[in-house]
Every structure is written in C-alpha cells, then in structure tokens.
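Reader: Before I rely on the terms used for this model, could you go through how each of them is reached?

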Amino acid sequence: MKKITWAFLLLFFINFSGMAQDKELAPVTGTVAITNVTIVPKPGERIAKGTVLVRDGLIEAVGTNVKVPPGARIVKADSMHLYPGFILGLSHAGIKMPENKEAQNAKVEDPGNPPNELAGITPERKVYQYLSMGEKSVADWREAGFTVAQIAPSGGMLPGSTSIILLGGNMDNPIIKAETGLYSTFDGARRMYPATVLGVMAHYRQLYRQADQAMNYSNAFDEDPSGRKRPAKNRTLEAFYPVIKNQVPVYFKTEEVLEAQRAMLLKKDLGFDLVLTELKEGWDLVEDVKSTNSKVQFSLDLPKWDEKKKDSSKTENNSEEKTQLEKRKQEFLKKYYSQMADYAAAGIPFSFSGVDVKPQDVQNKLQKIVENGLSSDAALAALTTTPANQAGLGKSIGSVEKGKLANLLISNKPYFEKDAKIKYVMIEGKLYEYDLKESKKPDAEVMDIVSGEWTYEAETPAGTMTGTISILKDEGGDFSGTIYNSVTGEEQTLRSIQISGDVLSFAFSVTYQSQNLDIETSLTISGESFEGFMEIAGSGESFPVEGSKVPAKSK
Amino acid sequence: MILQFVVASIWAQTKKGEVLIKNATVITITDGTKENTDVYIKDGKIAKIGTDLSASSNAPVVDATGQYVMPGIIDAHSHIALDAVNEATSPVTAQVWVGDALDPFDVSIYRALAGGVTISHAMHGSANAIGGQNETIKHRWGTVKMDDLRMEGAPRTIKFALGENPTRVHGAGNNIVPRTRMGVEQVFRRAFSEAKEYMEKWDEYNANKNKRGYKGMAPEYDLQKEVIADILRGEIIVHCHSYRADEILMLMDVFKDYGVEKLVFQHVNEGFKVAPELAEFGAGASVFADWWAYKFEVYYSTAYNAAILTKNGVTTSINSDSGELIRHLYHEAAKTQKYGDLTDDEALKLITLNPAKQLGIDDRVGSLEVGKDGDVVIFKNHPLSIYAVPQMTFVDGVKYFDINDDQDDMRIYVDPSEDIDVMRSRTEHEKCMANAEWFLTN
C-alpha cells in the first residue's frame, strides 16, 4: 500500500520538477567531494579549507587531509562556508490536507456530542498520508537550507500524528521516522463541542484518561484473556497509547503565553512529554518550561522587525502618550527576538518551527535573533544538533560527521552574516544548486508609474473579486497604500510594500467568514497593466490577479 | 488515581507583602469600627490591629489619617479575567472549568482593584443548565501566570442556570432538551441520577478490584459525571443563575431529593418572594442592587431585594456580573441604605463577609481580623458615602493599586504590530451569555 503511494508521489514529483526553482544536477557518480571550504561540522567547531567527501548519500570523510578518490565529482567551494543541513521543527511542509467541507457547514443534531471527525478529533490520522513531495513548500524550505523537517497535519484540536522527513534526496522515500509525536492545538470546533478553550481542555483530559484506562484494560486482557470481555477497538483512544507510554511527545501549538501555560497545565495533570511548538510569547516562561521539563520550538513567524529611526519621534511631534506607547511597542517587539538568548542562557535547548512563515524570510529572522543576543553557535545548534537529538536522530543527522546522512548547506558567507546567500544544499547526497542573484534594484519606469490608483480582478476560490489598489509615495520615498475588495466590501491598509525590478509586492489582511486571512500579493507591472498572484499566507493557496492603472484625473 | 478529578497544579508561591497602615478609621466588619487605629500586615496576613503599632524598619508605612480602611471587596459573580465564558454546546458541561481559561492580562482586573475589589468569583456563563466549574481569583495584577490568580485553597464551585438562557440556547437554538423550565428540572434530575449510578458502579468496582480472581471491567471514565458526583458528595458549592421564585423553589426541591446542600442563588431577582424558604434551606443569595427588566423573566424586581433577604436571615451579597459595575460595588451596597435602611455593617457585609461565606472563604477573608489575609482597601471618605474614592488596594499585603501612581497604559503586554487605538475597549453588561450568541442567532 505504502509502496504504491510513494510510486504515485514520485510520478507527481516528476511532473512538477520542471517547476522547482532549484537546478537539480544530474548525478553521474554517487561520490562528491566539496573542496577548499570552511566547514562548521557542528556548533562551535570550525575547519578552514577543508574537504567533505560524500559517497552514496553518506558522509565518508571530513577534514583537511581528505583524499579525493578518482571519479568523484568535485565541487569547488573556495571561500564558501559549509554547515550541517538545517532541521526544521514542526511545519506543514509538503502537506496538503483534504478539504473538510462537511465539517465547515455541518449542523449536527446534538452539538454536545458530535462525531469526532467533525469536531476536529482525529489523532489517528498519520501526517504522511497527506504528504506530497511535489508541493512548492518542500522546494522552498530546501532552498532556505532546510534538509529535514518535522511535519504535522492541520485541523481541529487533535489533527493527527507527526513524522520526520527529508526535504529532498530520494523523493520516493522521504520519511526518516514515521511516528514522532501527537500534534495538538487549542482550536475549538465550529458550533459543537469542544467549541472553546474550556471544552478543549476538558475534552483533552477526558480522552487522555479514557485512553489510559483502555490501554490498561487491553494490557490486562493480553496477559490473561480468560473471563475478560474483549476490549473495544477505538482508534481515537489508541492514538494516545504511544504518548501515554512516553514513547513520543505531544507537540502542542502554543503561540501565546497563556496557551503555553495551558499546555503545561495539561502536562502536569496527565504526565505526557511536552513540546511547546510555534511558541511566540515565551519570554516570561523560562522558569515554567524548566520546572515542567518541557521542550521548546520557537515560531519564526515573528512580528516584523521594524525599528523606528531614532529621531522620528521628534519630527512627528507626538503626544507624550503616543511616544510612550511607541516605546512600549518597541520594547515588546524586542522581546520576541531576544527571548531565545534568555532560553539559551538558562540552558534550555530549543529549535524552530516553521508554520506560517515564509522560508525565504527565515534567514532574516534568524539574523535578527542573533543581533538580539543569541550567539550564532547557539542559533546553529537550534537548527541542527538540538532538533536532531530531540527527535532521537542524533546519530544520523545534525552534524557534518563521518557516517551521517550527507545533509549539508553551503553559503557564500557565514550564514548569520548580512547578505549571506545559500549556493548549495545537499540532501542524502543529492546536490541542489542555487543562483546567487542579488536583490534587484527597483525598475525606474515602474517607480514612476506605481503611484496612483489601479483596478484589479482576482479569481479567488470564493469567486471573482474586484476592486482598487491605491499606492502613495511620500517625500522620503516610502510607499503606503490601501486595497478595496468587492467580496467583503472593505478597504484594508497595505503592508510591506516593496518594488523589486518590475515586481510590486505587498501584503494585507481580510476577515472572510470570520477567519482572518493574510494575503500576500506579487504583481509584475508592465506599462499600465499588471499580472500576478495573491497568496493566502501559510496555506500555499494562491490565485491569479490582473489589473490596470486608472488614468490620473487632470488637475 | 483515574477516579479522582484532581484540580490540577501545584500553585506557585505568590507574592506576600508587608505594610503598616497608620491612624485610620478601621471598619473591621466583625468587630465594629475603630477610630485612629493601625493595621499591620506581615507576610501577607493581618498581624495586628491596634494603636501605636510599629513594624520592622523596612516595612512601608501608609499614613491614613482621616481615611477609612476596610476589607478588600469580594465580588461573588463576575466574568473578568477569562478567555472564554461559555462552552455553550451542551445543556450539561460540568466537566469544563474556567480555571483553564484564566486571563491575567485582562485589564478589568486592574479596574476592579481601582474599585477596591480584591477577590472575584470568575464564573462560567449561564448558557447551560449545568455549566462549568468556576474559579475564585485574587486580583494579583501584573502577573502573566494563570496560577498566580487562583486563590489557593478556595473551595470548588460550579455554575448552574435556570430559565430563559438555557432554554433559548438549547431548546430554541438547537431543538434539544430543555425547551421549557420543566425541561431544565429534568436536565438536573437526569444528570444527578446518572452521576449517582456512575458513582455506585465505581464504588462497586473499587470494592472488588483487588479481590482474587476479579476480572470485571472498570466503568468508563467520564469527567462530567466525576464532577457531578463531587457535587453529590458535597465537595462543590453550586452557584445557580436564577430569577423567578417558582424555579428557585424547584431547584431547592431537586437538591433536597438528591441531598445536595451547598447552594447559592445568583441574581435571584424574585428572592424577596421566597426569602424565608431560602433561609430555611440555608441557600445564599447574590443579587444586583437595582438592576432588572433587561429581559422578560426579570420584570418583577425590587431594589429592596437585598434588604428583605438580609432581614429574613439569608446570607446575601451584591455582585457585579460586569467589568463596569465591579468598579463601584461600594455604591451598590450603599443603595441598600436608601432601599431598606440596612446598617453600615449590614450594607458592607453584602460586599465583604457575605460573598466570602458564599464562596467558602470566610475563614480567610471578608473582615479585618488578625490572621486573615492582608486584603484591604483604603478609602477617602466612608465607603458607603457617595464621595467615597478608593486610594490604595492591597492583596496579601502587596499594593496593586495606588491612585497616586496610576499609569495611563496599565496593560501587561503590548502588541508591537497593533495599529489601532487599543486604549478604548467596550465593557459589556451581563457577560453571562458571552460565547453563546451564535446559538441564539440561529
């Protein structure tokens, strides 16, 4: 069964491989030597002008005295820097969940006792059933230097179990470890139990204790079936067994400080191993994490680093109240980026999760985290050795050592330095090469025409959406703008407006069917019209959009 | 181990303070009002009440000459500091617990402190006949820890509800029992009967499980029935949302049938009609001073309610059920002097010792006595005067509010990406039905 699935996925991949952004180099030989490169085999170590020899997907030798065998393919990486391939904590890379239309519109007879599938209680689901290596997110994470990822399904309070996969290499056999944990969230069901955090907490206890009870009875039955009723089969409860036996942890989605406390409360009640994942607000929890012996994966979906120019408060002539507010906002912005250094100082190992963050933004986020106090060695550990050890895979991944999987990344400068770019990524011996393109200067013609009003038409899953986009350039050359859409009939402010070459990009948020959606837009401007796409952040879902400029009214 | 629903967690050590309040008019509630008297709080507890007291050299001293000191005000019905109020999906949700949804970031806590309120009863809403378990919280503003808000050692309580709310949500909204007041009674009787059966099954299993050769299966664990069984065992105080006299009598009859004794009625607008019956049962009553007619079942009301209940020997309190009313409960208490001529002590008991009794914490708080918790508030002018203004509020001897050090932005966390004016937020009355609106609009 599984074989057939992978064969299918392989076909799928081949179909789509033409779309991948990386240039995949055809292997002539299974032996590759990367020469004359600065090697960081693990955090804190450094080998200057070394060679890494890879054979058949494994690292065969590392050092300055490595003999390159004849026939090996040689990759000259002079002046470049080689690291262990990064390992991503929890993410939805490569995962496409089936649309559960039924659950979205369901009206059950007794909302207090709905079917599990509709209530978001599906711990028996295996994430690898939804894995498709052809998904763009796999190639994107790989291009960002990530070679291994923890993947999780999504939907409801118990979406299913997690796996660890390779983000490339042998694409029809990407799973390193099939069962690595149980993914849990505080997301309630729509109009049925458990709808709120109250219900989720109570139901978690209920299910867990029922599972504990069922497991014990099942064990007793196995020991001595005589005179005992045959245990009932219950896939939902059975999914908890590996957690109850402490064989795998619960990965709890805990973005907010209160969610993290609630997960730790459940851990204290029920006794499972806990990984706080997607954690954003952890700066006040160092002691709690330590005393409950929980593990941490920080979210990289951090608020935009947007340090105000120092003298801006003077020129803006703010009230004292507003100045004070801006000061507090800055102070809290810093906490998001400096908390990792606090955890490192407290000796708490952590890694990073990759939900709701664009892979291409990760390097910038990591550099800001390092600027805010985390040593680059500690940052590297969070990307390599720590996640490897936490997954119980310390012997096969996480460092550049003989015998480990050949998962590497090679950058033109030290990775945490500004403007460092990734040139090669290797996964299980397979080499991916990337262009070191500089970010493009804004096209002068586009800069000229972009200010003003544009109309657009987008083909969304909810039907055609039309509206207008207004872009304004201020004296300092900064852009601001708004977008109106016909679906919600509202106008939203544009964020992160950028022009790179002839491409205008920006983001905005809309609330649609009580869901808050962040939409990222990228438009290629040609003359007085544009074409491009809008993407719902984090979903991988995108739709085409086109439009044209509204002629400026003569004054 | 699996049998017992243990209220989780080892509470972290909360802050305990020391303070000497000098030369105040001290309203003790249980031992009269003392002029020119000092109150000394040490390690979070009231250490001494008297004249010319001295404290350790580094204890903060507050000169309260001409001011009034009274016990911290206690609100027996509120929904502040909660992320979620109603799990409105079922007529019985005894398994849920608002202690799981505490929100120490709710600025309403600070506002309550500014009104002299040191303890509130964070309640589940009234969407369900048997709602969730509540949590008695101390207003330790500034902490980000849910556990710091819990009043360690306070008894467990649970929310019940009668009348329009549960029948609208479940009967009218979802076409399930209860659609009528008769149905509400049946929900209680069924829940109690099932929990009793569950309890008996477990008792039988536990009595036999260690016997040789016993191979029976344990009854399936059910958190909801565990909690209702604890009500039957007398381990949980029931606080029931109620208005009409007939349904108040009905609930007391149900409780008598099942031997449940710990009962406090909330709102109880028609309590004045059945005050002797309430007193006989020993049920408490927690009421509004003068608020009614916001829906059909609340038309027959009177501002004399609290006074009539008090005079009939019912343990009565005045509550807020609102993030706004909670800031001036002392005014609400004073209304009973216009409507019912209660004495100062009787009126102040409505917001101190009596709510403490209703929450089962009167051995710890509710009056100024040596050994009780250092929860006090200092007023400029007598607290029952229309000119009363709280000056400082202490919980466990720690000062959490000082009118002379009241910053503009008291929020604990600030969202760095917020771009709207967040300083204004809406305060709702009767949050009882929060999180349940969508059932009603169906």
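Author: Helix α4 (residues 181–208) of chain B and helix α6 (residues 245–258) of chain B have axes that come within 11 Å and cross at roughly 20°. This is a predicted model, in which local features need pLDDT of at least 70 and side-chain atom pairs count only at pLDDT 80 or more, while totals for chains, interfaces and linings use all residues. Residues are numbered from 1 along each chain as its sequence is written, and chains are lettered from A and ligands numbered from 1 in the order in which they are written.

Reader: Why are α4(B) and α6(B) called roughly parallel to each other?

Author: Angles under 35 degrees count as roughly parallel, over 145 as roughly antiparallel, 65 to 115 as roughly perpendicular and the rest as oblique. The crossing is at roughly 20°, and α4(B) and α6(B) are therefore roughly parallel.

Reader: Which residues of α4(B) and α6(B) meet?

Author: R181(B), E185(B), F188(B), R189(B) and F192(B) in α4(B) meet E247(B), M250(B), V254(B) and Y258(B) in α6(B), where contact requires C-beta atoms, placed from the backbone, to lie within 7 Å. These residues divide into five nonpolar, no polar and four charged, with Ala, Val, Leu, Ile, Met, Phe, Trp, Tyr, Cys and Pro counted as nonpolar, Asp, Glu, Lys and Arg as charged, and the others, Gly among them, as polar.

Reader: What makes the arrangement of α4(B) and α5(B) roughly perpendicular?

Author: α4(B) and helix α5 (residues 223–232) of chain B pack at an angle of about 95°, with their axes 8 Å apart, and the two helices are therefore roughly perpendicular to each other. On the α5(B) side, K225(B), I228(B), A229(B) and L232(B) make the contact, and the residues on the α4(B) side include F192(B) and Y198(B). Taken together, the residues of this contact divide into eight nonpolar, no polar and three charged.

Reader: How do you know that β11 and β12 of chain B are paired?

Author: Two strands pair if DSSP finds at least two bridges between them, and five bridges join β11 (residues 236–242) to β12 (residues 263–267), which run parallel. Within this pair, C240(B) stands opposite F265(B) in β12(B).

Reader: What makes β8 and β14 of chain B edge strands?

Author: The six strands form an open sheet of mixed pairing, in the order β8-β10-β11-β12-β13-β14 (chain B). β8 (130–133) and β14 (316–318) each have a single partner strand, so one side of each is left without a neighbour in the sheet.

Key:
Axes are lines fitted to C-alpha atoms, for helices over the stretch in contact, and angles run from 0 to 180 degrees between N-to-C directions. Helices (H or I, at least four residues) and strands (E, at least two) are DSSP runs, numbered from the N terminus. Two residues are in contact if their C-beta atoms, placed from the backbone, lie within 7 Å.
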